[in-house]
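This report describes one protein chain, shown below. Please look at the sequence and the structure before reading on.

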Amino acid sequence: MNVKKRNTRIGSAVATLMVAVMAGCSSIDCSINNKVRTNYRLAGDVDTLKDTLTVSTQRIDGNDTVIYNKVVNIDSLLIPMSYNRDEDVFFFDIKRADGTSAIDTVTVTKTNKPHFESVDCAPAFFHDIQGVSTTHNAIDSIRIKKADVTYNHTKPHFYIYFKAHE
(Lines give C-alpha, C1' and ligand atoms only; values in the text may rest on other atoms or scores of the structure.)
Protein backbone atom coordinates (compact mmCIF):
# COMPACT_ATOMS: atom_id res chain seq x y z
CA MET A 1 0.00 0.00 0.00
CA ASN A 2 1.18 3.44 -0.79
CA VAL A 3 2.52 5.33 2.25
CA LYS A 4 0.77 8.52 1.18
CA LYS A 5 -2.64 6.79 0.96
CA ARG A 6 -2.10 5.10 4.34
CA ASN A 7 -1.24 8.43 6.02
CA THR A 8 -4.33 10.02 4.46
CA ARG A 9 -6.56 7.23 5.82
CA ILE A 10 -5.01 7.49 9.28
CA GLY A 11 -5.42 11.27 9.23
CA SER A 12 -9.10 10.93 8.21
CA ALA A 13 -9.72 8.39 10.97
CA VAL A 14 -8.10 10.62 13.60
CA ALA A 15 -10.10 13.67 12.43
CA THR A 16 -13.37 11.68 12.52
CA LEU A 17 -12.56 10.40 16.00
CA MET A 18 -11.78 13.92 17.27
CA VAL A 19 -15.06 15.30 15.90
CA ALA A 20 -17.00 12.46 17.54
CA VAL A 21 -15.28 13.01 20.91
CA MET A 22 -15.85 16.79 20.82
CA ALA A 23 -19.54 16.37 19.93
CA GLY A 24 -19.99 13.76 22.65
CA CYS A 25 -18.42 15.93 25.34
CA SER A 26 -20.58 18.97 24.69
CA SER A 27 -23.85 17.00 24.84
CA ILE A 28 -22.87 15.11 28.00
CA ASP A 29 -22.16 18.33 29.93
CA CYS A 30 -25.64 19.82 29.35
CA SER A 31 -28.61 19.04 31.54
CA ILE A 32 -31.01 18.32 28.70
CA ASN A 33 -33.56 16.32 30.67
CA ASN A 34 -33.34 18.27 33.93
CA LYS A 35 -36.01 20.79 34.81
CA VAL A 36 -36.15 23.24 37.68
CA ARG A 37 -39.37 22.49 39.57
CA THR A 38 -40.68 22.77 43.10
CA ASN A 39 -42.12 19.81 44.96
CA TYR A 40 -45.33 20.43 46.93
CA ARG A 41 -45.90 17.49 49.32
CA LEU A 42 -49.33 17.09 50.92
CA ALA A 43 -49.11 16.91 54.71
CA GLY A 44 -51.31 16.85 57.79
CA ASP A 45 -54.72 15.17 57.93
CA VAL A 46 -55.09 15.24 54.13
CA ASP A 47 -51.96 13.48 52.84
CA THR A 48 -53.69 12.33 49.63
CA LEU A 49 -56.08 14.69 47.89
CA LYS A 50 -59.24 12.81 46.89
CA ASP A 51 -60.80 15.93 45.34
CA THR A 52 -60.21 17.06 41.75
CA LEU A 53 -57.44 19.67 41.49
CA THR A 54 -56.49 21.99 38.65
CA VAL A 55 -53.40 24.17 39.05
CA SER A 56 -52.82 27.10 36.70
CA THR A 57 -50.80 30.29 36.44
CA GLN A 58 -50.75 33.41 34.30
CA ARG A 59 -47.95 33.81 31.78
CA ILE A 60 -46.20 37.10 31.04
CA ASP A 61 -48.30 37.57 27.89
CA GLY A 62 -51.45 37.55 30.06
CA ASN A 63 -52.74 34.14 28.99
CA ASP A 64 -53.47 31.45 31.54
CA THR A 65 -51.65 28.15 31.36
CA VAL A 66 -52.74 24.95 33.08
CA ILE A 67 -50.01 23.04 34.89
CA TYR A 68 -52.22 20.24 36.28
CA ASN A 69 -55.66 19.56 34.84
CA LYS A 70 -58.24 17.73 36.97
CA VAL A 71 -55.88 15.42 38.86
CA VAL A 72 -57.24 13.14 41.60
CA ASN A 73 -55.64 10.99 44.33
CA ILE A 74 -52.34 12.85 44.44
CA ASP A 75 -49.90 13.21 47.31
CA SER A 76 -47.49 15.68 45.70
CA LEU A 77 -47.15 18.18 42.85
CA LEU A 78 -44.14 19.22 40.76
CA ILE A 79 -44.62 22.84 39.71
CA PRO A 80 -42.13 24.84 37.60
CA MET A 81 -40.96 28.33 38.54
CA SER A 82 -40.54 31.32 36.24
CA TYR A 83 -37.05 32.41 35.27
CA ASN A 84 -37.43 36.16 35.44
CA ARG A 85 -40.17 37.00 37.93
CA ASP A 86 -39.45 37.62 41.59
CA GLU A 87 -42.92 36.32 42.42
CA ASP A 88 -44.91 33.41 41.01
CA VAL A 89 -48.69 33.17 41.46
CA PHE A 90 -50.55 29.86 41.14
CA PHE A 91 -54.27 29.17 41.25
CA PHE A 92 -55.41 25.95 42.95
CA ASP A 93 -58.98 25.14 41.82
CA ILE A 94 -60.50 22.33 43.89
CA LYS A 95 -63.75 20.54 42.94
CA ARG A 96 -65.13 18.33 45.69
CA ALA A 97 -67.22 15.21 45.23
CA ASP A 98 -70.22 16.94 46.82
CA GLY A 99 -70.20 19.52 44.01
CA THR A 100 -68.71 22.42 45.97
CA SER A 101 -65.55 24.13 44.79
CA ALA A 102 -62.90 26.49 46.08
CA ILE A 103 -60.07 28.46 44.49
CA ASP A 104 -56.93 29.39 46.40
CA THR A 105 -54.15 31.69 45.25
CA VAL A 106 -50.62 30.63 46.18
CA THR A 107 -47.89 33.28 45.91
CA VAL A 108 -44.21 32.31 46.05
CA THR A 109 -41.54 35.01 46.37
CA LYS A 110 -38.04 34.06 45.32
CA THR A 111 -34.61 35.15 44.20
CA ASN A 112 -33.54 33.95 40.75
CA LYS A 113 -29.94 32.73 40.37
CA PRO A 114 -28.44 32.18 36.90
CA HIS A 115 -26.83 28.73 36.70
CA PHE A 116 -23.93 28.30 34.26
CA GLU A 117 -22.85 24.85 33.08
CA SER A 118 -21.22 25.41 29.70
CA VAL A 119 -21.32 27.85 26.79
CA ASP A 120 -22.84 25.01 24.75
CA CYS A 121 -25.77 24.59 27.16
CA ALA A 122 -29.06 26.45 27.33
CA PRO A 123 -29.29 28.94 30.22
CA ALA A 124 -30.80 27.72 33.47
CA PHE A 125 -31.98 29.46 36.63
CA PHE A 126 -32.01 28.12 40.15
CA HIS A 127 -34.03 29.84 42.90
CA ASP A 128 -33.97 30.70 46.60
CA ILE A 129 -37.50 30.73 48.02
CA GLN A 130 -38.00 33.79 50.21
CA GLY A 131 -41.62 33.25 51.23
CA VAL A 132 -44.98 31.70 50.42
CA SER A 133 -48.53 32.84 51.12
CA THR A 134 -51.98 31.53 50.29
CA THR A 135 -55.64 32.32 50.57
CA HIS A 136 -57.47 29.92 52.87
CA ASN A 137 -60.53 28.59 51.03
CA ALA A 138 -59.41 24.95 50.72
CA ILE A 139 -55.76 25.31 51.74
CA ASP A 140 -55.11 25.64 55.45
CA SER A 141 -51.42 26.57 55.14
CA ILE A 142 -48.18 26.07 53.24
CA ARG A 143 -44.81 25.71 54.93
CA ILE A 144 -41.37 26.02 53.32
CA LYS A 145 -39.34 22.85 53.89
CA LYS A 146 -36.40 23.40 51.50
CA ALA A 147 -35.73 26.89 50.10
CA ASP A 148 -33.04 25.99 47.55
CA VAL A 149 -34.59 25.04 44.17
CA THR A 150 -32.28 23.26 41.71
CA TYR A 151 -32.60 20.27 39.40
CA ASN A 152 -33.18 18.09 42.47
CA HIS A 153 -36.92 17.98 43.10
CA THR A 154 -36.99 14.61 44.87
CA LYS A 155 -37.29 16.21 48.32
CA PRO A 156 -40.23 18.51 49.09
CA HIS A 157 -39.74 22.26 48.91
CA PHE A 158 -43.17 22.90 50.44
CA TYR A 159 -45.56 21.10 52.75
CA ILE A 160 -49.11 21.97 51.78
CA TYR A 161 -51.95 21.44 54.26
CA PHE A 162 -55.47 21.19 52.89
CA LYS A 163 -58.50 21.69 55.11
CA ALA A 164 -60.35 18.49 55.96
CA HIS A 165 -64.00 18.46 54.87
CA GLU A 166 -66.90 16.10 55.36
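Strand β7 (residues 124-134) pairs with β9 in the antiparallel sense over two bridges. In β9, Val149 stands opposite His127. Strands here are DSSP runs (E, at least two residues), helices are runs of H or I of at least four residues, and both are numbered from the N terminus. Two strands count as paired if DSSP finds at least two bridges between them.

This is a predicted model, in which local features need pLDDT of at least 70 and side-chain atom pairs count only at pLDDT 80 or more, while totals for chains, interfaces and linings use all residues. Residues are numbered from 1 along each chain as its sequence is written, and side-chain values use heavy atoms, with hydrogens and water left out.

Both β7 and β9 belong to an open sheet of six strands, in the order β3-β2-β5-β6-β7-β9, with antiparallel pairing. β3 and β9 (148-149) are at the edges and have a single partner strand each, so one side of each is left without a neighbour in the sheet. The chain as a whole has one helix and 10 strands.

A pocket is an open set of points on a 1 Å grid over the protein atoms alone, where a 1.4 Å probe fits and protein lies on both sides within 12 Å along at least five of seven lines; lining residues have an atom within 4 Å of a point.

| Strand | Residues | Share of the lining |
|---|---|---|
| β2 | 52-58 | at least two residues |
| β3 | 64-71 | at least two residues |
| β5 | 87-95 | at least two residues |

β5 gives the most, with three residues. The pocket is lined by 15 residues, and Thr57, Gln58, Ser82, Arg85 and Asp88 lie nearest its centre.

Which residues have the most contacts inside the largest nonpolar core? They are Tyr40, Leu53, Leu77, Phe92 and Phe162, in a core of 30 residues. Such a core is a set of buried Ala, Val, Leu, Ile, Met, Phe, Trp, Tyr and Cys residues joined through side-chain atoms within 4.5 Å. Buried means under 20% relative accessible area (1.4 Å probe, protein chains only). Buried residues make up 33% of the 166 residues in the chain.

Note on methods:
Buried < 20%, exposed > 50% of the residue type's maximum accessible area, 1.4 Å probe, protein only.
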